[in-house]
Amino acid sequence: MKRNITKNEFNLFFNLLNIHYDIFAPVRKKGQGAFSDTDIIYYEKVVTFDEIEWAEKSTYSPKDIVFPVSQTIINFIEDRLFIPNMKSSKPIYILMRPCDINGIKRIDEIFLNNGPSEDFYYKRIREKISFALIECIDGFENCFCVSMNANKNSDWDFAISLDKYRPFISIEIKNAKIENIFHSMVTDASNIAAPEVANKNFEICFPEKNLKKVMLPNINEMPASIYSDSEFWDEYKNRCIACGRCNTTCVTCSCFSTNDIRYDDSQNVGERQRVWASCHISKFSMMAGGHEMRKDNASRMRFKTFHKIYDYKKRFGEEKGHMCVGCGRCDDNCPEYISFSMIINKLSARISADINEGKK
Amino acid sequence: MINQTYDANNIFIPVPHKIMDIITETEIDKTYRLNLNVAGLPSYGQFYEVSLPKIGEAPISVSDFEKDWIDLTIRKIGTLTNCIHSLKIGDVLYLRGPYGNFFPVDSFAGKHLVIAAGGCGLAPVRSVINYFYRNLEKLAKFELLMGFKTINDLLFKYDIDRWEKKFKSIITLDHGCDLWADRPVGLITDYVGQVDFSDKENICVIIVGPPVMIKFTADKFVAAGIKKENIIVSMERRMSCGVGKCGHCKIDSTYICCDGPVFTYERAERFID
Amino acid sequence: MSLDINRKIIQKNAYRITKKRNKTAIRIRVPGGHLETKYFPIIAQIADQFGNGSVHITTRQGFEIPDIDYKYIPEINKLLSTLIVGLECSIGVSINNPEEGYPAAGTRNISACIGNRVCPFANFDTTSLALRMEKEVYPNNFHIKIAITGCPNDCIKAHLQDFGIIGMTEPQYIYDKCIGCEACINACKKFVTGALTLHNHKVKKDHRRCIGCGECILKCPTSAWIRSNKTFFRLIILGRTGKKNPRLAATFLNWATEEVVIQVIKNIYALIDKEIDKSLPKEHLGYIIDRVGFNLFKNSVLQNICLNEEIKIAQNLFFIGYQYEKDIFMEV
C-alpha cells in the first residue's frame with residue numbers, strides 16, 4: 001500500500017503504532033555533542049514526526065537498540081543468579097536508512113550464527129525487532145554504501161519518504177498488520193491529504209551512487225606480505241590515537257567485554273555486565289598476565305580493516321557480503337581525520353600493484 | 001540457584017561445580033578437581049569459562065578428566081585467579097563450557113606421537129598424556145618433552161613420576177640447580193634432536209606452550225623433516241565469551257575459541273594477530 | 001604655537017600622552033576580540049590619514065593607532081563613530097554622542113579567547129559573553145581589566161586580570177553508555193586534576209576535584225559524558241601585573257551562572273565607587289580590597305543576588321604572587 005499523508009496523519013498513525021510497538025528513530029540531542037553548542041544524533045524512542053531527525057545521518061548507529069552499550073547479563077545475590085528481564089515487552093520498529101538495516105543483519109550473523117549457539121541476550125531482543133525504512137537517496141559526505149553493496153534492502157515493513165510530494169509524507173506499507181493499523185486511523189477530514197495527492201504513485205528509492213567510492217580487494221587469499229608491510233600500516237601508528245570512535249559509531253562493530261562488579265554497599269550483591277569493546281582501544285587483545293597481542297595502533301588498524309572488508313566475508317560466505325556497509329560513520333567521527341574509505345582504496349591499490357608486479 | 005527466567009538456551013549462565021580436591025603444584029599454580037555434574041564430558045584440550053560471581057571470568061583449559069570429574073590447573077595471575085587460589089575444598093567454581101575444539105586422540109592410533117610442552121602448556125595436554133598412559137598400546141611410540149623454567153615450576157610431579165616409568169620422558173629446566181644435577185638443562189628446542197626420527201612419516205607432534213616456544217620448537221621439528229600438517233599446536237589468545245561472539249580472540253577469519261584452540265602448525269604459523 | 005591639552009579629558013577619550021611630543025595615540029575597543037572586516041577600512045583610514053600608516057594590536061585585543069597630531073582628535077572621533085555605533089551602541093552600550101569618540105577608557109576592553117566559535121576545548125562562546133557584558137561595565141572610568149576564557153586552559157590569561165571569567169561545564173555521566181575504556185580517566189589524570197577513577201569497570205568522579213573543563217566529554221567515544229544544560233563560570237578576581245605586587249587571580253566564585261557573575265561584577269563596581277580613595281589619582285581594585293578586607297568585600301558584592309544552587313563561594317582569597325622587596329636572593 002502506498003499513500004501520501006500529512007504530518008497530522010503521520011502523527012495519528014504513529015500514535016496508534018505506539019500502542020503496539022516501541023518505535024526507535026534518530027533524534028537530535030541539542031548540546032550533547034562533545035564540543036560545546038553542538039548536537040549529536042542517536043536513536044531513541046519516538047512518538048511524533050517532529051522528534052525525528054530526518055535530514056541527517058545519526059552520529060551513532062541504531063545497533064545499541066539490539067546490542068546495548070552496557071547491559072547486565074546476570075544479577076548475583078549471594079549464591080543465586082538472576083537473569084534480568086527485558087526493559088520492555090513490546091515489539092520494536094526501528095526507522096533506519098538501508099545501510100543500517102544491512103548493518104544489523106551483519107551483526108545478526110555474529111550473534112546468531114557464529115559459534116556453537118545463539119547469543120541469548122541478542123536473540124531475545126532481536127526477535128522483537130522489525131525494520132522500517134527511512135528513504136535515503138543521496139547519502140552523505142562520507143557514505144560508500146553503494147561500493148559495499150549495502151545500499152539496498154527490502155527487509156522493511158514500511159518505508160517513509162519526505163522527498164516525493166513535499167510537504168506530504170509518502171509512506172509505503174508492506175506488512176498487513178501495519179496496514180491494518182494504518183487503516184484504523186480515524187482522521188479529521190481537514191487534516192488529511194486530498195485524494196488526488198494521497199493516491200499519487202511513488203517508488204521508494206535507494207542510493208545509486210555516493211560521493212565516495214571504494215575499490216575492494218577482489219582476491220581469494222590476502223597476500224601474507226600485506227600483514228607485515230610496515231610501510232603501509234605504520235602511518236597509522238601515530239595518526240591513530242586509539243580513541244575507538246570508529247568502532248563505537250560503526251553499525252557493524254559487535255565486540256564486547258564481560259565484566260563482573262560487586263556493589264560497594266553490599267558485597268554479596270553484584271552483577272555481570274556486557275559492554276562494548278573496541279579493537280582500537282588498548283587492552284582489547286590483552287591476556288591475563290598483561291601480554292597484548294596487538295599493542296601498536298598500526299596493527300589494530302590492520303586488524304579492523306581486514307575484519308571489515310575481508311575476514312567476515314571469507315568466514316560467512318560471498319552472499320553475506322562484507323562486514324562494512326559503508327555507512328561512513330568512522331570517517332564522520334574520526335578526530336584525527338583518518339578516512340577508512342581511503343584505507344580501503346589504498347589497500348586495493350597496493351594489492352593490485354602486487355599482482356601486476358607478480359605478472360611481470 | 002537460578003531464578004525462574006532462566007532459559008536453557010542461555011549459554012552464558014555459569015553452573016556451580018564443587019571443588020573435590022586442591023593440589024598445590026607450585027607457588028603460583030594449583031590444580032582444582034571439580035565434581036562434574038553437567039551433562040557431557042570435555043574432550044582432550046578443551047577449555048571452560050571459569051568464573052566467580054562478582055569477581056570475573058576467564059578461560060581455563062581442562063588439565064585432565066574422568067567420567068565424573070575434571071581438573072583445572074590455574075595460575076595465580078590476576079584478580080580472579082587470586083580469588084580462586086583462596087578457595088578451599090567444598091567451595092564452588094562456576095563453569096560454562098566445555099568450549100573449543102580438541103586434540104584428535106583417535107587419529108593418533110598407530111602413530112608415533114611426540115608431545116612437547118613448555119611450562120603451563122603442559123596443562124591442556126596432560127589429559128592426552130594420561131590417555132595414552134592408560135592406552136599406550138594404541139600408539140606405535142610415545143615420546144614426551146617437557147620444559148620448565150626452574151625446579152620450582154615443575155607441574156604434575158606425581159604424574160611425571162609415573163610417565164617417566166612408562167615412556168621416554170625428557171624434562172629440561174631453563175635454569176638447573178643442585179637438586180637437578182645430571183638432568184637435562186636448557187631449552188626444549190635443544191632436546192628435539194633426541195627424538196627418534198627413524199619413522200618420520202608416521203610421527204605426529206603436539207606442541208603447547210608460550211607462543212615463542214611453540215614457534216621455535218615447531219621449526220626444529222620441521223627442520224627434522226616433520227610435515228607442518230602433522231604438527232599440532234594449542235594457541236593462547238584472549239578468549240572471553242568462549243562462543244564466537246565477543247571478538248576478542250579473533251585472528252583473520254578465525255575465532256580461536258570456536259575453531260581452536262587446537263590447530264595444525266601449517267595453519268597456526270600463518271596467524272598474524 | 002604651543003599646545004594646551006587637558007590630559008584628563010583626552011585620556012578619558014581613549015587617547016594618551018605618548019613619548020613623542022605633540023603626538024597622541026587612539027585606542028579602539030573590540031569587545032570580545034572579534035571584529036567584522038568591514039571595520040578594517042575605517043581603522044586603516046585613520047592610520048593612513050592621521051597616523052603613520054601603521055596599527056598596533058594591543059594585548060587587550062584592541063587596536064592602537066599611534067603618531068597622531070592632537071589637533072585631529074575631533075576629526076578622528078567623527079570617523080570613529082561608525083566603530084562606536086557598530087561595536088558599542090549596537091550591543092546596548094549607552095553613549096550619548098558617538099561622534100565625540102569614546103566616553104571613557106578606565107575600564108579596558110573586555111578580551112576573550114577565541115572561544116567555541118573555533119576552539120574545540122572552549123565550553124562556551126566567549127566573544128558573545130563579552131558582547132553581553134560590555135554594556136554592564138562600560139563606559140566607566142574605573143581602571144578595571146576583564147578577560148573571558150573558554151576553559152581552564154586560560155589562553156587569554158584571565159589569571160592576570162581584575163576579573164577573569166572561566167567557562168565550565170558540569171559533565172554529566174550516563175552509566176549505561178560507559179564502556180570503561182578509561183579515556184576520560186587518563187585524560188583527566190594527565191591534563192587536569194585526576195578527578196576520575198575506575199571503579200567496578202566504570203568511572204567515578206570526585207566532584208571536588210572537577211574543574212569543569214570538559215576534557216572527559218571530549219575524550220569519550222560513546223558520549224557517556226555529556227555537557228550540562230547550563231554553562232557555569234569560575235570567577236577569579238584581583239589578578240594583576242604591575243611593579244608592586246604581581247599576582248595570579250584567586251577563585252571567588254565557582255560554578256556560578258552568567259547572571260550571577262554579571263551581577264557580582266556590577267556590585268563590585270558599586271563597591272569601588274563607595275570605597276575608592278579619591279585622594280589618589282587612581283586606585284586599583286586589588287588595593288581597595290586589600291584595604292577594606294575580604295569579608296566586607298564579599299558581603300557587599302553578594303548583596304541582593306539570587307545565587308544559583310550549584311555555586312561555591314570562596315571563604316577567603318589566597319593569592320599566589322610575589323613582592324619585589326622579598327627577592328633577597330637576587331643580590332650578587
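Two residues are in contact here if their C-beta atoms, placed from the backbone, lie within 7 Å. That is the sense of "touching" in the legends below, and the model they describe is a predicted one.

**View 1. A six-stranded open sheet in chain C.** Follow the strands across and you get the order E5-E6-E7-E12-E14-E15 of chain C, with mixed pairing. Strand E5 (111–112) and strand E15 (312–313) of chain C stand at the edges with a single partner strand each, so one side of each has no neighbour in the sheet.

**View 2. Where E6 meets E7 in chain C.** Strand E6 (residues 146–149) and strand E7 (residues 163–169) of chain C run parallel, joined by 4 bridges. To find your place, look for C:Ile146, which stands opposite C:Phe163 in E7(C).

**View 3. Helices on the chain C sheet.** Helix H4 (residues 126–137) of chain C lies across E5, E6 and E7 of chain C, and runs at about 155° to E6(C). Helix H7 (residues 258–275) of chain C packs on the sheet too, where it touches E7, strand E12 (231–237) and strand E14 (250–256) of chain C. The direction of H7 of chain C makes about 145° with that of E14(C).

**View 4. The two domains of chain B.** Chain B splits into domain 1 (15–98) and domain 2 (105–268), and the C-alpha centres of these two domains of chain B are 22 Å apart. Their contact takes 18 residues from domain 1 of chain B and 19 residues from domain 2 of chain B.

**View 5. A closer look at the domain 1 side in chain B.** On the side that touches domain 2 of chain B, the elements of domain 1 giving two or more residues are strand E3 (47–52), strand E4 (56–66), strand E5 (69–75) and strand E6 (92–99) of chain B. E4(B) gives the largest share, 6 residues. Sorted by class, this side of domain 1 of chain B has 5 nonpolar, 6 polar and 7 charged residues.

**View 6. Chain A and the chain contacts.** Chain A carries 13 helices and 11 strands, and its C-alpha trace spans about 70 × 65 × 45 Å along its principal axes. As for neighbours, 2 pairs of chains are in contact, and chains A and B share the most contacts. Chain B and chain C do not touch, and their nearest C-alpha atoms are 10 Å apart.

Note on methods: Residues numbered from 1 in each chain as written. Chains lettered and ligands numbered in written order. Predicted model: local features only at pLDDT ≥ 70, side-chain atom pairs only at ≥ 80, totals over all residues. Pairing = 2+ DSSP bridges. Axes fitted to C-alpha atoms, helices over the stretch in contact; angles between N-to-C directions. Domains from an automatic or database assignment. Nonpolar A, V, L, I, M, F, W, Y, C, P; charged D, E, K, R; others polar.
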